Structure formats: C-alpha cells, structure tokens
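Subject: Structure handover

Hello,

Here is the structure for you to look through. My notes on it follow below.

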Amino acid sequence: MNMKTTFSIPAVAAQVLLASSLLLSGPVAGQDRGQIADAVLLPMGEADFAPDTLVRIDAGRAQLPGVSLEPVSFTYPLPAEADIDGPGAPFETRSREYWTEVGGDELRAGVVLHVSSPRALVRLNPAGSAQVAGLGETHAISPETLVLTVDGESHAGGTGMELLVDAAQLRAAGAPFVDGTSAFRIRGDVGVGPLTLSAPELRAAGERFVIHVFEPESELSLDIVAGRSDYFHGDTLTVTADLGGLALRRVEGYVVSPAGRAWPVDFERAAEGRYVARLQLDALEAPGQGLWEVHMAASAQMDDLTVIRNGRAAFACHLPTAGLTGEASVQRRRDGSLGATFGVSAASGGRYEVRGLLYGTDGAGKLRPMAIGHAAAWFEGEGRLTLDFDGGLIRASGLSAPFEIRDLRLLDQGRMGQLHRQGRALVIDR
Amino acid sequence: MAARLALALFLLAAPGAFAATGVAFVHGTGQQTDALNDYWTPEMVNSVRQGLPNPSNYTVVNCDFEQYMWTSAAAGCLADQLTRFVGDRGITDLVVITHSNGGNVMRWILSNPTWDSRYPDLIAKTRWVNALAASSKGTPLADAVTSGSVFEQALGWLLGYASDAVKMQQVAWMAYYNDTWLYGTAGRPALPKGFWNVVGTDVETAIWDPDSYCGGYGLNLGLEITQAWLDGCSDGFLDCSSQNGAGSLWFNDTSRTNGREPLSHNQSRRRCFGLDVILRNDL
C-alpha cells in the first residue's frame, strides 16, 4: 500500500496563477516585458517528426463542431526526479488466436479447429443476419450441446470441456462480447491437433457463426508491428509480421482506416523469417475517429501441427493541417517568469495546441524536469502559441539556467492529430 | 500514514481550511442514465458519502462512455456535470471516484487541460482521483471482443460488435494514447493531480463461498473464464498491470479489504468487503 502524498498541492497554486497567460498572434500583454530574444528550434533528431507539406481543408470549423474556440493555457510543476523517457517504440501486438466464420449447417455437421497447444479457449457467437435482426441471444449455442471429436473419440455433454459459460453468464459478467457469445476451455487431456467441433442440436442451420480459438499457452504468436506509431497522409506505412520465423503457408492482410475504408496489402518474405507489407496512406476522410489498423491472417505448419493466427496492429495517420515554423522567441521577465513562444503555420482552420517540458539545471549541472506547459487556441494561417512558466514555479524548483524545452509537440485537437514531436527543441541560456 | 496526516494538517492550517469537500462517482464503459442504481448501487454511494462533512455534497455522473474518451459525450459530458456540481454546491475540494474506463475519461481531462476552458478550473478543484480498477493500459479482453468483426467490417462495427470505448481500450490503442495524449504512465510526465489506484487482484467464484456473492454471483461467474485472457493477476476484466498502469498504487485489494478478500471487476464498484468504508475514510 502506498501513502498518498501532497504533490498535488503546489500544482493547484501554479495552475491558478498561469491559467490565463496565453499569447496568440500578438505581443505580450502587461507591463513586465523584460528581455525578449529571438530563437530558432534545434535541428530535428532521429526520432522526431514533422510534416514536409501541409494540407488545407476548407471545411475548417464546420467540420469540427463542438471544438472549443477559447484560448486556454495551463502549466504545472513536475518533480525534478521524474524519469521522463522519449517517445515509446511502436507497440508490437502478439496474437495467439484465430477466428473463422462458418455456416450453421457446417457447424451442425462438424467444423475442424486447428489447436496447437493445450487448454485452448473457444468462443462462439452468432453473426450475420442474426445479429442484424437482434437475434444474437436467440441463436446462442450452449457449450453443453456441443460435441468435440478428437482422433475418433467424441466428447459430448460438456465432457472434454471446462469453464463452460453460456451467453447469459458471459453477458452478466459485463464483458462486452457480441450478443449470444458463449465460451469454454478445452480440457488439457483432450490433446492438440485437428479437433472437430459440432453442434448436432443446432436448429439455425441457415445462420452464420464466428468461432474464436485462443491459445494462451502457445509459444507461437503472430507478432505485428508498424514501422512508426505516427504517419502523415501520403506516407508509406511499413508493417512487419513474424510467426516464430516460420514460413507462412497462407498470409493475407489489409489496412483499415478509422472511417472503415480498407486496402488490401501484400506481405512479402523478408530477412529472418519476417514478412513485410507496405502501403501509401490516404487519410483524407472525416477526422477524429480513432486509430488505423493493419489486420493480418496467417497460417503455418510446425511439424504435424497447423498453426493459424489472426492479428492486428494499430497506428495513427494524421492530416498535416499545421506545422511549427521553426521560429521561436524567449521572454525572460523581471518577475522571473519565462515564456517560450513558437510560430505556427496552420493551412487549415483548427484548434492547435503546443505543449512542452521545461527543464532546468541543478547544482551539479544536470538538466532536470521542472514543469510542463500547454497552450491552445483556434486559428488559421500564421500564429504563435506561448508556453508560460511562472517565476514562482521556477524559483521553487531550485533549478536555474540554462533551460531547455523538451518533448515539444504540436497537436491538432479537433482532428486528434499529432503534427510535430521534437525531443530537444530549444535551449535557453539565461 | 504520515504523509496523509501531513496533508490533513496542511489543509487545516491552510487558508482553505474551510474547503467545501465533495465527491463525484464516475462510472465505467457504458451509456448510463441512472448510474446510482444501475452501476454503483445506493448502498455503495450512500455509505461512501457519509465521510463528507456535508453528505449532500456528492454527485453520481451519468454520461455516454461508449464513446471515445475525448468526445463531448464522454469527457465533455463529465466536465459538464462536474462543473455544474462544483458550481451548484460551492465545492472547492473535489474527490473523484472512478471505476474502470471512467478513470481514462477523467485522466483525459487531467492530461489535456487546454482542450476545454472548463478543464483548468476542474483540475484546480480536484484534490485527487481514486481510480478503482482503472483500465489505464487497456485490456486483452477488449482485443478479444473486437476480434472477428473483421469479417463483417462495415456491418459488424455498425452493429456494435465493439463500441468506440471498447476499441479504444484495446491494449495497442491505449499504448498509443498513453504515449501521446495522456499523462501518468511510466516514462511520461506526471498528472497534475494524484491518481490513486485500487487494484483488484483476483476473482472468487466458489459456490459455497458467500463472498463470491457480493455484487452478484452471476456477475462473477462469467469473470472466471474471462480471466483466461488475462495475466495471473487480474480482476477478471483487467490485468493488475493495467489497473496500476497510470498514477500511483493506493492499495491492492487484499491488503485492505475485510478478510483480505479480492475485489473482482464488478465488486470494485459495489459495497463489498469494506471498500465503501475505505473510500469513506479517505474523504
């Protein structure tokens, strides 16, 4: 058990003082101008990104109903000992499952499931017209009515299975499985290999069903990862997949956008048993509806076992509606506060935010986190956004110049776009 | 205990010693219109709010958390209801109790203070968030639920095979959002306010054990098989690593609950094993 600390108390004070200190397309308001120095952003690092060209979307404000128009800024202190990393590597998904869609008549007669490891979980749900008509529950299959046949030996009435859960029990758990989903686990003594699953009592022979097979104990996963977490419209997506280095007997996939548009992709064999697919991305669609995904289905032969896997990986693809101009200025005011202003060029109307971390130098000469600043406003064309750091906050930190702005980001809030990310952005000598 | 005592003394000595404390209950995934009865139960809420100097200073949020966390139906609705609550009741010291995906929606507000001009004031008034079984790093169950709809891509998603909120809670999706739009996970900047996790570590479904019935035996039964998609430590819906994936650990269930009972995902929003008293005493 941890004790709750009082870290939140100074954060309150800092944000109250700073909540209205936005500078947008104009000079600093107020009397205390102090010193203003022009600056330019540091060169981009290897992991940094920014768009090469911008896209103009005429719809602008009409396309983004409900997006706030008010300028807002917010700054709060960070603990100097905070361990803040750079951007994370793209997330690699690991799938130990596959699914297949079958007709009711097929399921009644018997469907072959390829199981490559013990204690696989099997999940069934009605699909197709039954779901369309809201009859998922009506066509649910109770696991006790299923028959598992392995090497000519049949297991009926729930034998050969454990953890049998019908649709009502699974729904009561609150897990949002599709209506009519039931599940069971194959007993460990049933074995592996091709198993036949049949539903001899099934009456809805004309319906469709989806059968999922999940093998949590399998050592073979289909690992899929996008080359980057963030792409821009027009970029070429690279996806790498690996099923334990096995040569794939079947491999197919497609990329699907947040709006549901899909493009098939071809996976080609690459080094070390991996498979790679590429696709030039077209992100001209309605904004703000989640991530893109690449879906993949693969099968391979491992000795006398067939291994089947479906998997997918997620990534973002942004419309480059705005970018940082590279111009910046730093204001050091007599009250000790510090402002860092960044030029923004917005080809499309939108609500844009700059956020960045302020680092300061400790007594040993080491740069440490001090605060995080955010500033956002709606605009189109050339503008500026200022991260303002209160003098009291800087003094309380015990840190001093030289300062740095790190992890600088430009975000398109209305379109959920991350348009600029830079690990080291600005050095402030004094 | 010393740190929490120090905080209490600080509050007593500070100019805000007469702070009006309030508590807000924020539900998880789902579109709620009566979360008091349908999600939390009056027994839970009424017990917790007895810890307030004025037990009337509470609100139970009802929003559409089937949507992405950033939408006006989700974070916008939450900000609406919290703003109205603190305004109407004069709340200056707000404790937010979230369950499951409600933690993500609240974390969205804390992590994106410039998204909406109401957010800074809400953050200022928030003392801390008590995040019950937060899905901070998503859940493999969301991946499982979403799987298979690919065969009927256009149709399946329209049919609600997986709501936007469920898609968002896929593990890979939350990894992306944690790395970009959200704070509080390892390697990312801290949140502006404390985000204290209560972690459910197991599900008990023994039919002879009355503890299995707290919150509803049927609710727990399905969670036994859903555990199969999860790590060895889970509440039947979320891995412990997800529940403690952002912010700080307050406690693992068995370290504080009566009889050292674990809290399943459905029990962590109910009056089970003294959880209500722990939350009450935190106010």
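How many bridges join strand β16 of chain A to β17(A)? There are 4 bridges between β16 (residues 248–256) and β17(A), and the two strands run antiparallel. One facing pair is A:Gly253, which stands opposite A:Val265 in β17(A).

Before the rest, some background. This is a predicted model, in which local features need pLDDT of at least 70 and side-chain atom pairs count only at pLDDT 80 or more, while totals for chains, interfaces and linings use all residues. Residues are numbered from 1 along each chain as its sequence is written, and chains are lettered from A and ligands numbered from 1 in the order in which they are written.

Chain A

The secondary structure of chain A comes to 5 helices and 26 strands. Helices (H or I, at least four residues) and strands (E, at least two) are DSSP runs, numbered from the N terminus. Of the 430 residues in chain A, 49% are buried, meaning that 20 or more other C-beta atoms, placed from the backbone, lie within 10 Å of the residue's own.

The pLDDT, which is the predictor's confidence in each residue from 0 to 100, averages 87 in chain A, and 89% of the residues score at least 70. Confidence in chain A is lowest in helix α1 (residues 8–18), with a mean of 32, and highest in strand β19 (residues 275–280), at 98. Over residues 6–31 of chain A the pLDDT is below 50, and this stretch has 64 contacts in the model beyond near neighbours in sequence. Two residues are in contact if their C-beta atoms, placed from the backbone, lie within 7 Å.

Two sheets of chain A

Strands β16 and β17 belong to an open sheet of 5 strands in the order β14-β21-β20-β16-β17 (chain A), with mixed pairing. Two strands pair if DSSP finds at least two bridges between them. At the edges stand β14 (230–232) and β17 (262–265) of chain A, each with a single partner strand, so one side of each has no neighbour in the sheet.

Another open sheet of chain A has 5 strands in the order β3-β13-β15-β19-β18, with antiparallel pairing. Its edges are β3 (93–95) and β18 (268–269) of chain A; each has a single partner strand, so one side of each is left without a neighbour in the sheet. Within this sheet, β13 (residues 222–226) and β15 (residues 236–243) of chain A pair in the antiparallel sense over 5 bridges. Here A:Ile224 stands opposite A:Ala241 in β15(A).

Chain B has 14 helices and 6 strands, and 63% of its 283 residues count as buried. In helix α4 (residues 72–89) of chain B the buried residues include B:Ala74, B:Leu78, B:Leu82 and B:Phe85. Among the elements that cover the buried residues of α4(B) are β1 (21–26), β3 (93–99) and α5 (102–111) of chain B. Just after α4(B), B:Gly90 takes a positive phi of about 65°.

The largest nonpolar core has 195 residues, and those with the most contacts inside it are A:Tyr352, B:Ala24 and B:Leu78. A nonpolar core is a set of buried Ala, Val, Leu, Ile, Met, Phe, Trp, Tyr and Cys residues joined through C-beta atoms within 7 Å. Not counting residues up to four places away in sequence, B:Ala24 touches residues including B:Leu82 and B:Phe85.

Regards

How values were computed: Buried ≥ 20, exposed ≤ 12 C-beta atoms within 10 Å, placed from the backbone.
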